[in-house]
Amino acid sequence: MILVLLTIISAFIYSVCFTEASLFPLSFIFLTSFFYVLDNAANYRSRFYFGVLWTAVMTLAMGHWLFIALCQHYGLAWWKAALFFIICLLLPLAVIYGFFSLAYSFFKRDGVFFYAAVIPALWVAAEFLKELIPVLIPWGNIAYAVLPFQSFVQVADVTGVYGLTYLVVMVNGLFLVLIKAVRSKSIAWQRIVIAVCLAVGVFGGTILYGQFRSESIRTLADESRPVAATLVQGNFSLEDRWSGMGFYHRVQTYLEMSREEDGADAAQIIVWPETMLNSSARLDDEFFKSLMRAIGPDALLVSGGLKSVPEGGAYNSAYFVSGKGRLQRYDKQILLPYAEKAPMIDWLGSFYTAPDEFVKGRSPICFDTFMGKIAASICFETLYPDYIRQSVRQGAEVLVNISNDAWFGDSAMPYMHLDGARMRAIENRRYVLRASNSGISAIIAPDGRIVKQSRLFEQAKIKGSFRLLQAETIYTRYGNWILYAAAAILFLAGSRQILRSDR
């Protein structure tokens, strides 16, 4: 019973760390109790059970919004929504963390190397699987929970988000080493010294780097020319957006909110959210010419919209509308499981006039505009670090993310989605301009700070400025090298276990 309780506590604290920024210090210790449970479980079967239990509690605490969204927006009966939740979210995650627990058992050794290197490598591998499995989204990575610890997270421009995860899990493992060493008379005092030194070294070195890097990034940004930006958050309901009515009214509302107070044309980037221009039949040459005239010759509008495909379906797109008369289009390339693609069956059905099928885009991911080189991502694409990194490798000087988080209601998800954009800013040292229909819209600095932001479910216009940056970070150049390091650690540890069992 004690082990069950510790598993539940660990999973619950995990979810709380994402909803309450002030609780981020718990991220460095909450996994300790879960690892203690796996250490003391009776056998492989019980360890797998505890891994599934941890997943179930964590998923229910963090993902309850999905059940609500399915019932409220898609009109599913509660039992169908519950079945969808279990099959499409809970079960895949349970398999991942259940097998993490089994791997924990296989690699288990009572030494600092296991807790400080092998466990973090296993956890990173489990997190990365969420990127690879088509029915999942890489949400809930513990690295995002420590974003309030600004001086700590700056190391992501070297390690990426997975390296940050590795460090957080390492501290959890070292904390367990310290607890076991203090409680056990048979463990030499040297182990305590090693654990303390490693923990202090990880914390101290990471924080010192972060403080130094933050200053250098702010200095670099200040040396660049500021560019004006206007982010528009119309806050139209999902029914308003997809009922088939009021398209021109919404466009006119966004145009009025985008204009300068004095009515003069201004050199600026204007960003509207995902699928704002959601009627393909109306998006003809005359419509875009009218948009160009409305925004003025010195402005660039980036707006979400649709583009019908003759063979069937539609692209979820971002239109680059230049006041100077040029039109470009980015088509979303990472589609949302079930809502935009259905890997098994059509679970959800239709939602008003929204397309029943979306097509994976093949457009460029970085666009050369008269404002500079810009990369756009749509909705959950910003949670895929290597995808965003590729756009910066292709020259993007600023990142634009357009989204619609109204599906989530007033839950933790809009904040977690925003945190994904903040992490991409740190990894690549780029400003991020994020516009979401119902919030949260924000201008994000290259060190992850939010310069300006809106609140949820309000009509808002955010005016500010950003800089076009060109320098590449270590992460931008070399990507998720931490995954290769984790694989090497697991190979070494696995070889050691096999050789040990052969003796």
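Is Phe-114 buried or exposed? I find that Phe-114 is buried, since its relative accessible area is 2%, where buried means under 20% relative accessible area, exposed over 50%, and partly exposed in between (1.4 Å probe, protein chains only).

Before going on, I note that this is a predicted model, in which local features need pLDDT of at least 70 and side-chain atom pairs count only at pLDDT 80 or more, while totals for chains, interfaces and linings use all residues. Residues are numbered from 1 along each chain as its sequence is written, and side-chain values use heavy atoms, with hydrogens and water left out.

Entry on aromatic pairs. Tyr-14 and Phe-30 make an edge-to-face pair, with 5.1 Å from centre to centre and 70 degrees between the planes. This pair links distant parts of the chain, as Tyr-14 is in helix 1 (residues 2-19) and Phe-30 in helix 2 (residues 30-40), 16 residues apart; helices (H or I, at least four residues) and strands (E, at least two) are DSSP runs, numbered from the N terminus. Tyr-14 and Phe-30 are both buried.

I then looked up Tyr-104 and Phe-114, whose ring centres are 5.1 Å apart with planes at 80 degrees, so this pair too is edge-to-face. It likewise links distant parts of the chain, from Tyr-104 in helix 4 (residues 78-107) to Phe-114 in helix 5 (residues 112-132), ten residues apart. Tyr-104 is buried, at a relative accessible area of 0%.

Entry on the backbone. I noted a cis peptide bond from Gly-439 to Ile-440, with omega near 5 degrees, and I placed Ile-440 in the loop between strand 9 (432-436) and strand 10 (442-444).

I also looked up positive phi values. Asn-235, although not a glycine, has a positive phi of about 60 degrees; it lies in the loop between strand 1 (226-233) and helix 10 (238-242) and counts as partly exposed, at 26% relative accessibility. Thr-275, also a residue other than glycine, has a positive phi near 50 degrees and is found in the loop between strand 2 (268-271) and helix 12 (285-295), where Thr-275 is buried with a relative accessible area of 5%.

Methods
Rings of Phe, Tyr and Trp (its six-membered ring) pair if their centres lie within 6.5 Å; planes under 30 degrees apart count as stacked, over 60 as edge-to-face and the rest as tilted.
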